[in-house]
Amino acid sequence: MAGAHTKNHDYHLVDPSPWPLVGAASATVLAMGAVMWMKAMSIGGMKLGPLIFGVGMLGVLYTMLAWWMDVTREAEHEGHHTKVVQIHHRYGMLMFIASEVMFFVAWFWAYFDASLFSGEAINYTRQEFTGGVWPPKGIATFDPWHLPLLNTLILLTSGTTVTWAHHALIHGDRKGLKQGLWLTVILGILFTMTQAYEYSHATFAFAGHIYGSTFFMATGFHGFHVIIGTIFLAICLYRVYLGHFKPDQHLGFEFAAWYWHFVDVVWLFLFASIYVWGAGSGVAAAAH
């Protein structure tokens with residue numbers, strides 16, 4: 001008779017884990033600390049917001065690290081990632097990316113609503129701030145064919161290098177896999193450095209007007225996603241040196257590549273709409 005723990009199916013019944021509870025508690029502490037920090041709240045005369053925020057952040061980071069290590073162990077050492085389980089993971093990643101797409105749709109919506117209807121009479125407060133044109137009066141926008149174009153070329157090149165790495169992995173070329181990943185991580189870091197340099201030379205701030213808030217929320221959140229994607233790929237590179245990933249089973253790397261291509265596509269829309277179209281639409285708005 002088969003043992004009680006004999007596995008006779010293709011599914012993965014996850015063992016009890018503390019990480020959902022620990023992660024939720026850490027996120028709650030992080031949120032409370034952030035609110036206390038931003039509102040300058042104090043407990044017993046001491047402003048503990050930054051400390052509470054830091055404790056929550058450490059808890060969240062530790063949860064992420066430990067949870068991902070468990071998933072890696074399940075895939076590499078325990079053999080739980082069968083073909084059926086891999087399909088379900090792919091569905092999950094696709095839904096996650098879809099949710100990220102809608103996240104950026106919100107920022108694009110805010111930007112286009114403000115820019116296309118900058119002089120709408122019903123939004124009298126907006127007209128007061130924008131002057132009825134876009135970009136608003138007094139805003140010196142970035143030259144799209146300078147640093148923004150450079151960052152576009154950097155991200156497009158990184159998309160080719162991560163595809164090279166993926167192709168090398170599928171064909172068992174570990175050397176090409178490492179080279180492609182190294183170049184992708186370096187290009188991701190270069191993009192972030194270039195964007196930080198661009199931000200440091202901005203003639204407008206986040207606060208005080210709708211252009212700065214929509215610009216920095218859209219491009220800034222994209223930059224945050226680039227940092228996440230770079231870390232994702234760097235972890236994959238580390239795992240490659242550990243001997244992980246096989247030509248027929250490499251979900252971790254595959255999802256990192258999907259995420260990176262998503263980041264590339266979002267940037268193309270940002271570059272075309274905010275940097276190129278947005279820089280010159282004020283002339284058209286003024287003409288009306």
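How far apart do the C-alpha centres of domain 1 and domain 2 lie? They lie 25 Å apart. This is a predicted model: local features need pLDDT of at least 70, side-chain atom pairs count only at pLDDT 80 or more, and totals for chains, interfaces and linings use all residues. Residues are numbered from 1 along each chain as its sequence is written, and side-chain values use heavy atoms, with hydrogens and water left out.

**Overall build**

- The protein has eight helices and zero strands. Helices (H or I, at least four residues) and strands (E, at least two) are DSSP runs, numbered from the N terminus.
- Along the sequence, the pattern reads α-α-α-α-α-α-α-α.
- Taken along the principal axes, the C-alpha atoms fill a box of roughly 80 × 55 × 30 Å.
- The protein has 288 residues, and buried residues make up 38% of them. Buried means under 20% relative accessible area, exposed means over 50%, and partly exposed is in between (1.4 Å probe, protein chains only).
- Among contacts between residues at least 6 apart in sequence, 73% join residues at least 24 apart. A contact means heavy atoms within 4.5 Å.

- Domain 1 covers 14-80 and domain 2 covers 82-275. These bounds come from an automatic or database domain assignment.
- Five residues of domain 1 are in contact with seven residues of domain 2.
- The area buried between the two domains is about 490 Å². Carbon and sulfur atoms give 39% of that area. Buried area is the accessible area (1.4 Å probe) that two parts lose on being put together, summed over both.
- Which three residues supply more than any others of the area that domain 1 buries against domain 2? They are Thr72, Glu76 and His80, with 73%.
- Two salt bridges are found across this interface. A salt bridge is a side-chain nitrogen of Lys or Arg within 4 Å of a carboxyl oxygen of Asp or Glu.
- One residue pair across the interface is in polar contact, with both residues at pLDDT 80 or more. A polar contact is a pair of N or O atoms within 3.5 Å; within protein, one must be able to donate a hydrogen and the other to accept it, and residues adjacent in sequence count only if both atoms are side-chain atoms.
- On the side of domain 1 that touches domain 2, the residues divide into one nonpolar, three polar and one charged. Ala, Val, Leu, Ile, Met, Phe, Trp, Tyr, Cys and Pro count as nonpolar, Asp, Glu, Lys and Arg as charged, and the others, Gly among them, as polar.

**Salt bridges**

- How many salt bridges does a search of the whole structure find? It finds four.
- Side chains of opposite charge can pair when their charged atoms come close.
- Glu76, Arg239 and Lys246 are linked in a network of salt bridges.
- Glutamate 76 meets arginine 239 at 3.3 Å, N to O. Glutamate 76 lies in helix H2 and arginine 239 in helix H7 (residues 210-241), so this pair ties together parts that are 163 residues apart in sequence.
- Arginine 239 counts as buried, at 13% relative accessibility. Glutamate 76 is partly exposed, with a relative accessible area of 21%.
- Glutamate 76 also meets lysine 246, at 3.7 Å, N to O. This pair links distant parts of the chain, 170 residues apart. Lysine 246 sits in the loop between H7 and helix H8 (251-287).
- Lysine 246 is partly exposed, at 39% relative accessible area.
- Aspartate 70 forms a salt bridge with arginine 73, and their closest N and O atoms are 2.9 Å apart. The two are about one helical turn apart, because they are three residues apart in helix H2 (residues 49-76).
- Arginine 73 is partly exposed, with a relative accessible area of 35%.

**Two further residues**

- Is glutamate 198 buried or exposed? Glutamate 198 counts as buried, at 1% relative accessibility.
- Glutamate 198 is found in helix H6 (residues 174-200). Not counting residues up to four places away in sequence, glutamate 198 touches Phe142, Leu147, Pro148, Phe215 and Tyr275.
- Alanine 24 has its place in helix H1 (residues 19-38). Alanine 24 is partly exposed, with a relative accessible area of 43%.
- Alanine 24 and glycine 59 are 35 residues apart in sequence. In space they are 9.5 Å apart, C-alpha to C-alpha.
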